[in-house]
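Please read this briefing alongside the sequence and the coordinates. It takes up confidence, overall make-up and a few local features.

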Amino acid sequence: MNFSTLSKTKKTLAVLALLVFVLVCFFAKNDFQYFKYYVYDFTHESDRFAALVNAQLVSPQGDTAASAVAESKTMAIFTGDTGHITKGKLLNASYKKEYDQLPEKLYALSFGETIYCVTCTDDKGKKHSGYSVIETNTPQDLEKYSPKLGQENWIAYLKLAMKGAVEYPTLLPTLLNDNYLVSAEDFSRKYGHNFDTFYLKELPYGVKKKLVEFYLSDEGTNYRFMKSGNLKYSSLLRAGNFSGQDKKEFAILLKNTREELNDTYILLVFLRKNDPSLHPEYYIAFNEVFQGKVILETVYPDPEERWDHKVFMNTEEKVETKYDSLRILQPEQEDNVLVYDEKFDGMRKYVQLPKSEIKTRSSN
């Protein structure tokens, strides 16, 4: 049959067969030495999480190639507070010197950082989960990668892992992986652009969780963390130990995005439960709407740290608070201070005037 009379489909198949034949001849000529190839699942080509098989052959000289064969890669985004990329086991004693020179903790992850999970299989068929900074995970692509500040040790360790000298690095604490590693789709759906600013990125996981829940509620759907005019972010978000020592609690002012002509804010105070876990839970202990601009200040109980450490608490004289408190300032209004009330486990608001003056004003 004449080649020109073949159907379009048969012509395509013939060209592909010829291309495969040329590639086989080329690699056979080069003895397959350290040849690395990748087989993609083209049926899910558009999916960023498609399976990727990374096979490494043994050279004719008998050198050991990577013992870990990557069977799949999944992009994940870290959403926790604390996560460390740490070394795996040494697999080849020849590389012990390079292995020992690297620290146990290779890199500290931050909120919103992307990592790639590498599921590897050792000589005994046992699977190990490891993490890389790149998706394709080849020495060539690793050399092209521009590391972020502090990733140098992770990069150096990955080069050893790609040689089969060590296991791929792990993520500690491993018990939190399922909760604090999410897909790009889940990250966008849950966090979106609501945590782009530095101040919100640094919030503990428990506070972010409660803030997301508030945004999704009927009450919070129109509120977001944003500046208005010359207000500073530090005037809208304050940290303190409001209900106890070393609690690391937060007060946040959110602006009503539907109010274009007037400034309307809602103040949320997040207190921390007595939870010793790595990522403790928080709860909203104060919730109030304010009309007009609002500025927050933290009042510290230690006079050596701050000069203005005493407040009115329905008293004639200013007194010291047991823990940090929160000052609320508004133009042409008396200041208010929020102080933790242990009896009701919440924040109580006090007008910053002597008790007698408050009574006088209320009677007039």
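The notes below go from the model as a whole to single residues.

This is a predicted model, in which local features need pLDDT of at least 70 and side-chain atom pairs count only at pLDDT 80 or more, while totals for chains, interfaces and linings use all residues. Residues are numbered from 1 along each chain as its sequence is written, and side-chain values use heavy atoms, with hydrogens and water left out.

**Confidence**
- The protein chain has an average pLDDT (the predictor's confidence in each residue, from 0 to 100) of 79, and 74% of the residues score at least 70.
- Confidence is lowest in strand β2 (residues 52-56), with a mean of 27, and highest in strand β13 (residues 264-272), with 97; helices (H or I, at least four residues) and strands (E, at least two) are DSSP runs, numbered from the N terminus.
- Residues 1-6 have a pLDDT below 50, and beyond near neighbours in sequence this stretch has five contacts in the model, a contact meaning heavy atoms within 4.5 Å.
- Residues 26-72 also have a pLDDT below 50, but this stretch has 83 contacts in the model beyond near neighbours in sequence.

**Overall make-up**
- The secondary structure of the protein chain consists of nine helices and 20 strands.
- Of its 364 residues, 40% count as buried, that is, under 20% relative accessible area, whereas exposed means over 50% and partly exposed lies in between (1.4 Å probe, protein chains only).
- Among contacts with a separation of 6 or more in the protein chain, 57% are between residues 24 or more positions apart.

**A four-stranded sheet**
- An open sheet of four strands runs in the order β15-β18-β19-β20 with antiparallel pairing, where two strands pair if DSSP finds at least two bridges between them.
- Its edge strands, β15 (295-299) and β20 (346-351), each pair on one side only.
- β15 pairs with strand β18 (residues 325-329) in the antiparallel sense over five bridges, and V299 stands opposite S325 in β18.

**Helix α4 and the residue after it**
- In helix α4 (residues 152-162), the buried residues are W154, I155, Y157, L158, L160, A161 and M162.
- G164, which follows α4, has a positive phi, near 80°.

**The buried loop residue T79**
- T79 is placed in the loop between β3 (72-78) and β4 (84-86), and T79 is buried, with a relative accessible area of 0%.
- Leaving aside neighbours within four places in sequence, T79 is in contact with F111, N179, Y180, V182, F187, Y191 and Y205.
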